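Have the sequence and the 3D view open as you read.

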Amino acid sequence: MRKLQQQDARLYSSFRLPAVLHQVLLCETEADLRQIDAAKAPLILGEGSNSIFLTDIQQPVLRYVAKSVTETQEADGILLHVEAGKNWHELVSYTVNRGWWGLENLALIPGSVGAAPVQNIGAYGVELTDSCVYVDFFHWDSQQVQRLSNLECLFGYRDSIFKRALEGRGVIVAVGLRLHADGAPKLNYKGLDHLSVNCSVSDVYQAVLQVRRSKLPDPQVLANCGSFFKNPLLTVEQFSELKQLHPQLPAYPQAGGQIKTAAAWLIEQAGFKGQRSGDIGCYELQPLVLVNYGHGTAADLEQWMDLIIATVQQRFGICLEPEVRMLHER
Ligand code: EPU
């Protein structure tokens, strides 16, 4: 295990607010995890592409950095056992190069494999749950790894058991994914519907890279954590009432009967697209992405977020919920 002291939090979150992490622990094995004092409530961090540090953090920040990938050929596909520290996009690129189907729509999502199940990452009509077979979770209590099946992970829209009952209870150490040598492209997202149904896995991958690069700011260039809020889920009644008032309101009907609408649309209508206050603002091409132009502070961010929430609430009666993880000293 490596122990780092007094770290600049801007190196650990792609939103890059100024703060200090008093201790960062880089763990690589289960033996490392057994040495951790769980009573200090370590805060688990992946690559920091969905986590924002609002204050200095005294409690240890723990990263599980092992990143091996093990392949097993099975009757119904290829099973990949991937340790949590592997970079997600590198994994996707590797699988696409091998011609395997399953992760291509999830290309270029920033972050680590271990973070992917926490919020059930998703894009362009595909979510992690579609290929996730299991998640291996090291429990502080038992000091053992438990293998949770896909069903046990309670995946939902940007949701899982790891954000709920298992929050603070341990660390994801590996993820099992099932991919397929033969497959059909998933092209229901409107930015991908120009592709032919006979296209290759690499064609889908390239198209996803193109759409993402055309809409989303590169966190290396402009600090951001992707979508800042979740897309709101409405009941059919709520939706039809609002649709009368706002005929353009986008609708994405969900399996459970609810209707998802677009937070980006609500924020744009509320007048925030491309707007900023100081160094915090809404990205000009996708207002759901909040950006830090360089010297934004936690206070600026909270003020901007509260203003967006209040304006959208007043205008549409919808309460936007943050999708990013905002961290502060306990
Ligand atoms: N829209 C606007 N104005 C804009 C942009 C979008 O009104 O400037 C409206 C349009 O109606 C558009 C709709 O919002 O059709 C949806 O926009 P988009 O396709 O860009 O996706 P999103 O719903 O805003 C979600 C995910 C993204 C994911 C994309 C693509 C969430 C919170 N976000 O965004 O995930 O990449 O779909 O599948 O579900 C992330 O989680 O960090 C992330 C980037």
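This is a predicted model: local features need pLDDT of at least 70, side-chain atom pairs count only at pLDDT 80 or more; totals for chains, interfaces and linings use all residues.

**The ligand and its shell**

Let's begin with the residues around the ligand. There are 25 of them, and Y124, Y157, Y189, E268 and K273 come nearest. Sorted by class, the shell contains 13 nonpolar residues, four polar ones and eight charged ones.

Where in the chain does the shell come from? Domain 2 (69-211) and domain 3 (217-327) each contribute at least three residues. Among the helices and strands, α3 (201-215), β13 (223-227) and α5 (263-269) each supply at least two. The most comes from α5, which gives three residues.

| Residue | Ligand atom | Distance |
|---|---|---|
| R212 (side-chain N or O) | oxygen | 3.5 Å |
| K215 (polar side-chain atom) | oxygen | 3.5 Å |
| N231 (polar side-chain atom) | oxygen | 2.8 Å |

How much of the ligand does the protein cover? On its own the ligand exposes 820 Å², and 83% of that area is buried by the protein.

**A three-stranded sheet**

Next comes an open sheet of three strands, in the order β14-β16-β15, with antiparallel pairing. Its edges are β14 (233-234) and β15 (252-253); each has a single partner strand, so one side of each lacks a neighbour in the sheet. As background, strands of a sheet pair through backbone hydrogen bonds, either parallel or antiparallel.

Looking at one of these pairings, β14 and β16 (residues 259-260) are joined in the antiparallel sense over two bridges.

**Two residues with positive phi**

Finally, which backbone angles deserve a look? L108 has a positive phi of about 65 degrees, although it is not a glycine. You will find L108 in the loop between α2 (88-97) and β8 (122-123).

Q143 sits in the loop that links β10 (132-139) and β11 (145-149). Is Q143 buried or partly exposed? Because its relative accessibility is 22%, Q143 counts as partly exposed.

Methods:
Residues are numbered from 1 along each chain as its sequence is written. Side-chain values use heavy atoms; hydrogens and water are left out. Helices (H or I, at least four residues) and strands (E, at least two) are DSSP runs, numbered from the N terminus. Buried means under 20% relative accessible area, exposed over 50%, partly exposed in between (1.4 Å probe, protein chains only). A residue is near a molecule or strand if one of its heavy atoms lies within 4 Å of it. A polar contact is a pair of N or O atoms within 3.5 Å; within protein, one must be able to donate a hydrogen and the other to accept it, and residues adjacent in sequence count only if both atoms are side-chain atoms. Accessible areas come from the Shrake-Rupley method with a 1.4 Å probe; for residues, only the protein chains shown count as cover. Ala, Val, Leu, Ile, Met, Phe, Trp, Tyr, Cys and Pro count as nonpolar, Asp, Glu, Lys and Arg as charged, and the others, Gly among them, as polar. Domain bounds come from an automatic or database domain assignment. Two strands pair if DSSP finds at least two bridges between them.
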